[in-house]
Amino acid sequence: MQTEYFYTNLIQWYKKVQRQLPWRESYQPYTVWLSEIMLQQTQVITVVDYYKRFLKAYPTIFDLSSADEDDIFKLWEGLGYYSRARNLIRCAKLIVEDYNGDFPKNKKELMKLPGIGPYTAGAILSIAYNQKEPAVDGNVMRVISRYRALNVNISEVKNKKIFEEEVQGLMGGEPRDFNQGLMELGATVCTPKNAKCTQCPVQEGCHAFANQTVYQYPVKLKKIKKQTKEMAVIILEVDQTLFITKRPNTGLMSNLWGFPVTERINLHSYVDIEAYMEEAFGLKVNVNQVEEGAKHIFTHLIWHMKLYKCTLKESSQAFKKIDYPEILWVNRSELENYAFPTAFKKVFKLI
DNA sequence: AATTCGGGGTA
DNA sequence: TACCCAGAATT
């Protein structure tokens with residue numbers, strides 16, 4: 001029978017070849033949840049060390065729920081998608097306050113929690129509670145679309161339910177190992193390029209392999225064009241202390257620290273930069289020098305940074321803060337105490 | 001339904 | 001370069 005073939009072979013393969021990963025040492029809801037949040041759009045190899053540090057600092061959901069937000073961001077520094085870190089604390093507090101420290105055991109309740117969507121809910125239910133719920137991520141869509149030769153555009157969110165139903169149909173009695181096995185197969189064998197079909201436990205049933213059309217799947221129709229922005233990074237130094245500010249709690253790199261930064265509208269004007277510092281922070285500055293900065297690539301845009309080295313005008317006394325919640329003057333050795341995204345860490349080396 | 005969220009590995 | 005990654009929230 002087709003269903004038993006896929007399930008049996010996948011489970012057997014997974015139990016034999018699975019990678020030893022820190023979040024596979026136990027299947028507590030807390031550690032499953034923590035690892036799944038970190039693994040969103042982030043590769044396993046990147047997550048491992050972050051996960052270990054995080055779990056050591058916060059062994060239980062109760063530790064995390066009472067954590068200092070700045071400490072969380074410092075631990076998350078460099079991992080990206082920083083709203084995940086903010087949602088992590090919000091979720092931990094809700095679990096402790098509203099659920100007595102125990103994660104809900106149904107999809108509807110789980111998806112009400114910040115940072116938990118359909119994939120993560122399914123992962124928690126299947127991996128922690130061994131419930132028969134699908135957990136469809138990019139790996140699973142690639143595996144299933146190849147196995148069934150599905151000409152379904154995975155870029156359209158509405159098509160995800162097609163894959164969830166396929167997974168349900170293939171699922172057997174061990175959802176925990178089955179869902180993880182599906183993802184493991186996608187991550188290590190059924191890869192986007194150089195797929196290792198000779199090692200595949202379900203090669204005999206795979207339609208794409210039979211038709212030699214493996215690389216036609218998954219169908220993905222959406223092009224992202226990265227926009228390039230010329231950015232001015234303001235390096236304002238007074239008495240060997242640097243001016244830094246915490247970024248707003250929405251938008252790009254929210255809640256992390258950074259230097260003041262603004263788009264260079266008139267590429268040759270210092271006046272615009274001085275006006276920006278006056279408007280945003282109430283600081284009257286002089287731009288003394290412009291130096292080459294760094295390039296940084298985000299998901300949907302590219303920053304070309306130039307460094308605008310400034311001093312305060314003597315007449316300026318008031319350090320007003322308007323748009324930003326927090327500002328600080330710190331010396332270079334203190335920078336490491338604050339969480340900075342990688343774009344600004346590149347600047348550290350230049351100043 | 002489309003866009004916005006990082007950063008690194010890989011070919 | 002361009003693509004992809006154990007996606008979710010917002011517009």
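Colleague: How do H2 and helix H3 pack, in terms of angle and distance between axes?
Modeller: This is a predicted model. In it, H2 and helix H3, which covers residues 44-57, pack at an angle of about 140 degrees, and their axes are 9 Å apart.

Colleague: What does that make H2 relative to H3?
Modeller: Oblique, because angles over 145 degrees would be needed for roughly antiparallel. At about 140 degrees, H2 is therefore oblique to H3.

Colleague: Is the crossing of H2 and H3 right-handed or left-handed?
Modeller: H2 and H3 make a right-handed crossing.

Colleague: Which residues make the contact?
Modeller: From H2 they are Thr-31, Leu-34, Ser-35, Met-38 and Leu-39. H3 brings Val-44, Val-47, Tyr-50, Tyr-51, Phe-54 and Leu-55.

Colleague: And by class, what does the contact of H2 with H3 have?
Modeller: Nine nonpolar residues and two polar ones, with no charged residues.

Colleague: Switching to the DNA. How many residues surround DNA strand C, and which are the closest?
Modeller: DNA strand C is surrounded by 28 residues. The closest are Leu-39, Gly-117, Thr-120, Asp-137 and Gly-138. Leu-39 also belongs to the H2 side of the contact with H3.

Colleague: Which elements give two or more residues to that surface near DNA strand C?
Modeller: Helix H2 (29-39), helix H8 (118-128), helix H9 (138-148) and helix H11 (175-188).

Colleague: Which one gives the most to the surface near DNA strand C?
Modeller: H11 does, with five residues.

Colleague: How do the residues of that surface near DNA strand C divide by class?
Modeller: Eleven are nonpolar, twelve are polar and five are charged.

Colleague: How about H9 and H11, at what angle do they pack?
Modeller: About 85 degrees, with the axes of H9 and H11 8 Å apart. H9 is therefore roughly perpendicular to H11.

Colleague: Which residues of H9 and H11 meet?
Modeller: Asn-139, Val-140, Arg-142 and Val-143 in H9 meet Leu-182, Met-183, Leu-185, Gly-186 and Ala-187 in H11. Six residues of this contact are nonpolar, two are polar and one is charged.

Colleague: What does UniProt list for residues 108-127?
Modeller: An unreviewed UniProt entry lists residues 108-127 as "domain: Helix-hairpin-helix DNA-binding motif class". In the model, residues 108-127 are 65% helix and 0% strand, and the end C-alpha atoms are 17 Å apart.

Colleague: And which residues does "domain: HhH-GPD" cover?
Modeller: Residues 38-188, according to the UniProt annotation, also from an unreviewed entry. That span is 64% helix and 0% strand, and its end C-alpha atoms lie 19 Å apart.

Colleague: Last topic, the backbone. Where is the cis peptide bond?
Modeller: A cis peptide bond joins Tyr-217 and Pro-218, with omega about -5 degrees. Pro-218 lies in the loop between helix H12 (207-210) and strand E1 (227-238).

Colleague: What is the phi of Gln-212?
Modeller: Gln-212 has a positive phi of about 55 degrees, although Gln-212 is not a glycine. Gln-212 is found in the loop between H12 and E1.

Note on methods. Residues are numbered from 1 along each chain as its sequence is written. Chains are lettered from A and ligands numbered from 1 in the order in which they are written. This is a predicted model: local features need pLDDT of at least 70, side-chain atom pairs count only at pLDDT 80 or more; totals for chains, interfaces and linings use all residues. A residue is near a molecule or strand if its C-beta atom, placed from the backbone, lies within 6 Å of it. Helices (H or I, at least four residues) and strands (E, at least two) are DSSP runs, numbered from the N terminus. Ala, Val, Leu, Ile, Met, Phe, Trp, Tyr, Cys and Pro count as nonpolar, Asp, Glu, Lys and Arg as charged, and the others, Gly among them, as polar. UniProt positions are given in the numbering used here, feature names are shortened, and annotations may be inferred rather than shown by experiment. Axes are lines fitted to C-alpha atoms, for helices over the stretch in contact, and angles run from 0 to 180 degrees between N-to-C directions. Angles under 35 degrees count as roughly parallel, over 145 as roughly antiparallel, 65 to 115 as roughly perpendicular and the rest as oblique. A crossing is left-handed if the near helix is turned anticlockwise from the far one by less than a right angle, and right-handed if clockwise. Two residues are in contact if their C-beta atoms, placed from the backbone, lie within 7 Å.
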